[in-house]
Amino acid sequence: MDSGLENVVAAETILSDVDGQNGRLIIRGWPVQLLAASAAYEDAAHLLWAGFFDNLPDVAGLAARLAEARNAAFALVRKIPSGLDTVSFLRTGWSLLRDDESLDTAILLAAAAPVFTAAAVRAEQGRPAIAPDPALSQSADVLRMLTGKMPSEAEARALDAYLVTVSDHGLNASTFTARVVASTRAGLVSASVAGLSALKGPLHGGAPGPVLDMIDEIGTPENAESWIDDALARGDRLMGFGHRVYRVRDPRADALKAAVARLPGTSGRLAFAEQIEKAVLGRLAKKYPARPLDTNVEFYTALLLEALGIPRAAFTAVFATGRVLGWTAHAREQVAEGRIVRPRSVYTGPVPEPA
Ligand code: ACO
């Protein structure tokens, strides 16, 4: 038995490679740092979907289809019940889409993610949803719909850097979930809804909100060590640290840290976060000398999304806007290459008494 499936290889993929010993992530042949520095959301969609849909247009065509699909998704917002948290709103909205294997559905899933997320955030604030603007790139439109103001070029680029960085990452919990569902031929919507349900947990994509809570609770650099010691003594996990695969620093952490640093006005917050990071790493090394635990993607995700004015409650759903590109590509790959996923269990329950 391998609880957590740590040593199980359950798929072959051409989508991404996570090298946990050397801290390297490759997405379809590209180092993540290069993608983060230069690719837009639309580029990542094209990169991940190429070969998985017969009728994939070029990047400009895909950008136009995503823009159209944001409008189509906006028309569905009124059908989603109010009073739901952001992830539940997105999950419910996605469930309204036609569940098939088509490129239209993949595009609609990707376009609807920020439209539904922004509508949920605005509803929570007691404000009406903002209609998409098809003239904008997906990232610029996401920020506009979420914050109510037109982002600068630098802000839209920073969100691109984030969404591209998290677009795919091997067989993580949500991608594995999406592939299991896809393996039953349930459809891209079912695979993505299932992926989102796995992503939302605090040990996976729910970590960045709590990262900011931790930074706020620590408050000043002098409090860092005692706060961390208390948290570890309680048995808490420190959000934004540790990883199932990486035995060194998650390469996405530095790609996103660089994206935060490029935004004006972030140096003070960044310096404070670095002090906390140093204190956490020191304490974790002391508590777990045999188990290298380092910074993961979520620590600097939190700082980047905060610097872009995105509310904490939306962080996980914004993550899904990036990761749905990977879920849909993996779902198509699973359908093309894989069998139904069906592992076995060891029975440890009672056995029938002899008659
Ligand atoms: N804070 C405190 N202790 C930790 C942390 C942490 N962040 N991470 C691991 N540990 C501890 C574990 O409790 C375990 O201790 P134990 O042996 O006393 O039970 C020991 O370190 C070894 O744990 P691992 O085997 O490395 O943990 P695992 O692979 O099961 O979990 C996980 C990986 C879930 C990411 C874990 O490190 C964690 O909970 N981190 C905090 C949440 C987080 O940041 N999640 C985002 C991950 S990135 C992503 O999903 C997008």
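A salt bridge is counted here where a side-chain nitrogen of Lys or Arg lies within 4 Å of a carboxyl oxygen of Asp or Glu. The model is predicted, so that local features need pLDDT of at least 70 and side-chain atom pairs count only at pLDDT 80 or more, while totals for chains, interfaces and linings use all residues. Residues are numbered from 1 along each chain as its sequence is written, and side-chain values use heavy atoms, with hydrogens and water left out.

**View 1. The salt bridge between Arg 312 and Asp 216.** The side chains of Arg 312 and Asp 216 meet in a salt bridge with an N to O distance of 2.6 Å. Across the interface of domain 1 and domain 2, 2 salt bridges are found. Arg 312 and Asp 216 also belong to a network of salt bridges that includes Asp 213, Arg 269 and Glu 306.

View 2. Domain 1 covers 16-202 + 311-337 and domain 2 covers 208-307, with bounds taken from an automatic or database domain assignment. The contact (heavy atoms within 4.5 Å) takes 26 residues from domain 1 and 26 residues from domain 2. About 2,000 Å² is buried between the two domains, 71% of it from carbon and sulfur atoms; this buried area is the accessible area (1.4 Å probe) that two parts lose on being put together, summed over both. In domain 1, Tyr 162, Arg 312 and Phe 315 lose the most area to domain 2, together 31% of what that side buries.

View 3. Arg 70 forms a salt bridge with Asp 141, their closest N and O atoms being 2.8 Å apart. Because Arg 70 lies in helix 3 (residues 59-74) and Asp 141 in helix 6 (residues 138-147), the pair ties together parts that are 71 residues apart in sequence; helices here are DSSP runs (H or I, at least four residues), numbered from the N terminus. Asp 141 also forms a salt bridge with Arg 144, with the closest N and O atoms 2.6 Å apart, and these two residues, being 3 residues apart in helix 6, are separated by about one helical turn. Arg 70 and Asp 141 are both buried, as is Arg 144, where buried means under 20% relative accessible area, exposed over 50%, and partly exposed in between (1.4 Å probe, protein chains only).

**View 4. The salt bridge between Asp 19 and Arg 24.** The side chains of Asp 19 and Arg 24 meet in a salt bridge at 3.9 Å, N to O. Asp 19 is buried, with a relative accessible area of 16%, whereas Arg 24 is partly exposed at 40% relative accessibility.
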